[in-house]
Amino acid sequence: MGLGLAARGFKAALTAASWRYTGLRAYCARMETRGLLFRQLFESESSTYSYLLADVESREAVLIDPVLETVERDLKLIDELGLKLKVAANTHCHADHITGSGLLKQRVFGLKSAISVHSGAAADIMLTEGDKITFGRHSLTVRETPGHTDGCITYVTGDQSMAFTGDALLIRGCGRTDFQQGCSKKLYESVHQKIFTLPGDCLVYPAHDYKGQTLSTVDEEKKFNPRLTKSLEEFVKIMDNLNLPKPAKIDIAVPANLVCGLHEV
Ligand SMILES: N[C@@H](CCC(=O)N[C@@H](CSS)C(=O)NCC(=O)O)C(=O)O
Ligand SMILES: [Fe+2]
């Protein structure tokens with residue numbers, strides 16, 4: 001007997017979900033054969049992605065954009081995987097949530113926080129263009145990508161196969177430019193000069209996604225991003241007319257993030 005319509009839909013959804021799950025697991029496993037351990041982590045209230053990267057051999061690890069509310073979850077995972085967390089690396093001074101960097105520093109001996117020197121925020125490591133964060137045999141190179149904020153940076157893996165773009169480039173979108181020194185012209189130039197010049201198959205991992213997507217590629221965004229495929233003039237017009245409500249936590253998040261997340265750096 002054939003499946004009913006609803007049952008068929010359910011089966012298709014299940015197959016897609018399990019494919020996504022096994023696909024992601026297979027992808028992580030494939031990277032581990034290259035000596036890089038990788039996990040994408042999600043905080044649902046702010047729709048923020050954090051990224052855990054570690055050297056399989058030395059177990060040294062970096063956590064990109066940790067969130068205060070998920071510090072205990074992340075520490076448990078780091079402990080379970082037997083990793084030594086070296087750096088909490090921020091892509092920018094976030095306006096919508098408090099970074100986990102300060103609390104992590106209290107919990108992990110020797111851990112260093114990192115942020116751009118242009119962010120106006122305090123951290124142990126103040127980053128500029130070309131700087132490298134090293135963990136075991138791996139490293140992340142800093143590309144300055146201002147525009148959403150002055151201190152936005154993109155972290156790129158040594159083989160240029162992954163870029164952690166913060167809020168500069170989101171999947172089929174980009175960070176807003178209406179507060180925190182935002183400048184749409186600067187953002188357009190940053191994305192075109194510093195991200196779209198990476199290899200086409202370089203995977204793009206943003207700091208947020210509001211539509212349930214997890215990653216993209218440079219080629220995909222060059223082709224399908226509805227804002228950044230436009231001319232500069234059209235882009236500026238789009239950004240001037242987003243009319244987004246300001247992030248609910250902006251008044252507590254920005255001051256906290258300027259001091260690395262409520263805690264002493
Ligand atoms: N509703 C959220 C804030 C959503 C928001 O403004 N997101 C920022 C990134 S966090 S600074 C953004 O740039 N969005 C771009 C867009 O096109 O949505 C909250 O209240 O926290
Ligand atoms: Fe942001």
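Trainee: How do the residues of the shell around ligand 1 divide by class?

Mentor: This is a predicted model, so read every contact as a computed one. The shell around ligand 1 holds four nonpolar, five polar and four charged residues.

Trainee: How many residues surround ligand 1, and which are the closest?

Mentor: The ligand has 13 residues around it. Asp 96, Gly 175, Arg 176, Pro 247 and Ala 248 are the closest.

Trainee: Now the sheets. How do strands of a sheet pair?

Mentor: Strands pair through backbone hydrogen bonds, in either a parallel or an antiparallel sense. Here, one open sheet has six strands, in the order E1-E2-E3-E4-E5-E6, with mixed pairing. Strand E1 (36-43) and strand E6 (125-127) are the edges; each has a single partner strand, so one side of each has no neighbour in the sheet. From one strand to the next, the twist averages 20°.

Trainee: In which sense do E1 and strand E2 run, and how many bridges join them?

Mentor: They run antiparallel, joined by eight bridges. Look for Arg 39, which is opposite Leu 52 in E2. E1 and E2 make a hairpin, with four residues between them. Check Ser 47 in that turn: its phi is positive, about 55°.

Trainee: And strand E4 with strand E5: parallel or antiparallel?

Mentor: Parallel. Strand E4 (residues 84-89) and strand E5 (residues 112-116) are joined by three bridges.

Trainee: In what order do the strands E7 to E14 of the open sheet stand?

Mentor: The order is E7-E8-E9-E10-E13-E14. That makes six strands in an open sheet, again with mixed pairing. Strand E7 (132-135) and strand E14 (216-217) are at its edges. Each has a single partner strand, so one side of each lacks a neighbour in the sheet.

Trainee: Which strand pairs with strand E10, and over how many bridges?

Mentor: Strand E13 (residues 203-206) pairs with strand E10 (residues 162-166) in the parallel sense, over four bridges. Gly 166 has Pro 206 in E13 as its bridge partner.

Trainee: Last, helices. What describes two packed helices?

Mentor: Two values: the angle between the axes and the distance between them. Take helix H4 (residues 184-195) and helix H6 (residues 232-240): the angle is about 125°, and the axes are 9 Å apart. H4 and H6 are therefore oblique to each other. The crossing of H4 past H6 is right-handed.

Trainee: Which residues of H4 and H6 meet?

Mentor: From H4, Ser 184, Lys 185 and Tyr 188. From H6, Leu 232, Phe 235, Val 236 and Met 239. By class, this contact has five nonpolar residues, one polar and one charged.

Notes
Residues numbered from 1 in each chain as written. Chains lettered and ligands numbered in written order. Predicted model: local features only at pLDDT ≥ 70, side-chain atom pairs only at ≥ 80, totals over all residues. Axes fitted to C-alpha atoms, helices over the stretch in contact; angles between N-to-C directions. Helix = DSSP H or I, 4+ residues; strand = E, 2+ residues; numbered from the N terminus. Parallel < 35°, antiparallel > 145°, perpendicular 65-115°, else oblique. Left-handed = near helix turned anticlockwise from the far one by under 90°. Contact = placed C-beta atoms within 7 Å. Nonpolar A, V, L, I, M, F, W, Y, C, P; charged D, E, K, R; others polar. Near = placed C-beta within 6 Å. Pairing = 2+ DSSP bridges.
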